Amino acid sequence: MTFILMVGLFVLGSCDKKNDPTPNPAEDEEVSLQINSISLQDWTVGSELKFEESWSLNLQHADGSSPITFLINPNSSPIPERIEVKKGTYRYSFESASAPTFSDYLPVKLAGEFEAETPNQPVNLTGVAKSKGIVIQLDYDSSPPKLAEPQLIDFYSLNSDYYLYYNTADLLKISIPLPESQGFLTQFHLGNTAPLSTRYQVAWPENNDFYENSIKLDENKWPLTLIPTTVSHLEESQNETSGLAWIAGNLFSINDGENTNEIHQIDPFSGEVVRSIEVANATNVDWEDLAQSSTHLFIGDFGNNMGNRKDLSIYKVLISDLLNQDAVQAEKISFNYPNQTDFSPNNMNHEFDCEAMVFQNDKLHLFTKNWVSESTDHYVLPSEKGNYTAEFLENLPLTGLLTAADLDPVSGQLILMGFRRLGSNPLEQWLWFYRGLSETHVQGEVRKTKIGIIPHRGFPEGIAFWEKGNIWISSERFVLEGVYNIPPQIGIVGLEGLF
């Protein structure tokens, strides 16, 4: 009996050990997590990011146990806090509570998964930004740039950069201080079309080699380059937009030759044609620019690529009719050049083409597009209907083909726009600035600024002063089969603060 009892106890003890195996110490081993980096999808600005002071990072183990929350400081690199967890697969998440319209921190939404395997486990967090960012790099000492509109805010400083995060589709207007000066630059930035992150660089003094989002200043603090802000693409009906006018808070445009004899009112922020106004008694041989007085709009039908036109004219339309009617009548001003004697076709190889015109003191000032010399001849005409020989005033050696002109109604500044066809940097877009315009000549030394290249922005064709001295510019569609297909577009160049 004793023998049988001992055997039974041995068997029972063996069964208990099989049902209660010894735990594997490796399964309960703790892992120390070290967060090495935070990566945001599509974020490209090459500068340090600024986040909220602390994040409540949620970790959820794959076994379904209750999530764990850890407070971390995301602005340190590497993040100092270590998170102790057991081995396994984890999902992490964090989302900023709000995305302010403007802020000094970048709100984010993080989500992802990692394996906790080694005693010191590195973790890289990924997610998306809930706001967009602007970084301004100045290579000179300065007060901070300011957001001027839609509200006034100083940019924040981070290392050697200035930055601002925003969550709005509005058009932002930024004031950038000039070095050693009370002057400033104006840069427009459109929230709904801008990438997640944008960097603007201002360098002084510099050369005028153009690269994206760069402003170069010469030793006198004049901008050798400026950055146009594309606001919208225009409808296909505006593929050959050739002239602009800003009248009573509305933007008007025309197309050049072989298009309709219509003036188009355009919404610059959508690119849509709001309405079209027929000039009933006019023909569009080659409409190229618009100019305006307080009472009339002038349409320059003087495009002349071949150099053989004898029907050069300017149509004069009442602004009151333009604003209130769908069809208008025009008076006609016909003219010729006093120094043209040869009218044989000579395609783009002559000095009698014209695409630029302004009005001042009852006179129309014409600036030619000289294909041979890449200069411009300045002529003047009466602004009343009739048939005239234009009066030659002067030649301006621009080194470019002129396509538009306008006068600032407040300062009297004259701006010419065009592009370079020849030389070492062809197809560059340029603005030429003069202090003003008298009855006999342009005033002041020319200052010039590069605003891009045609393969990026299309052919520059229309210019119109807008509010506070800033300008609208329009560009024709630019197509190079298999290489470029740039749609017609409308944009802004900030000039406020320069004059």
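Predicted model: local features only at pLDDT ≥ 70, side-chain atom pairs only at ≥ 80, totals over all residues.
**Exercise 1. Work out which residue pairs with lysine 369 in a salt bridge, and whether lysine 369 is buried or exposed.**

Solution. The partner is glutamate 355, whose side chain meets that of lysine 369 at 2.9 Å, N to O. The pair links distant parts of the chain, since lysine 369 sits in strand β29 (residues 363-369) and glutamate 355 in strand β28 (residues 353-360), 14 residues apart. Lysine 369 has a relative accessibility of 5% and is therefore buried, and glutamate 355, at 3%, is buried as well.

**Exercise 2. Find the salt-bridge partner of aspartate 63 and describe the exposure of aspartate 63.**

Solution. Aspartate 63 forms a salt bridge with lysine 86, with the closest N and O atoms 3.1 Å apart. Aspartate 63 lies in the loop between β2 (55-61) and β3 (68-72), whereas lysine 86 is in strand β4 (residues 82-86), 23 residues apart. Aspartate 63 is partly exposed, with a relative accessible area of 45%, and lysine 86 is also partly exposed, at 38%.

**Exercise 3. Give the strand order of the open sheet of four strands, and name its edge strands.**

Solution. The order is β33-β34-β35-β38, and the pairing is antiparallel. The edge strands are β33 (401-407) and β38 (447-453), each of which pairs on one side only. From one strand to the next, the twist averages 20°. Looking at one pairing in detail, β33 and β34 are joined by six bridges, and leucine 407 has leucine 414 in β34 as its bridge partner.

**Exercise 4. State how many residues the largest nonpolar core has, and which of them have the most contacts inside it.**

Solution. This core has 38 residues, and those with the most contacts inside it are Leu185, Leu431, Ile471 and Leu495. Among the elements that give two or more residues to this core are β34 (414-419) and β35 (428-434). Another core, of 31 residues, lies apart from it and includes Leu40, Phe70, Ile83 and Ala116.

Conventions:
Residues numbered from 1 in each chain as written. Heavy atoms only, no water. Core = buried A, V, L, I, M, F, W, Y, C linked by side-chain atoms within 4.5 Å. Buried < 20%, exposed > 50% of the residue type's maximum accessible area, 1.4 Å probe, protein only. Pairing = 2+ DSSP bridges. Axes fitted to C-alpha atoms, helices over the stretch in contact; angles between N-to-C directions. Salt bridge = Lys/Arg side-chain N within 4 Å of Asp/Glu carboxyl O.
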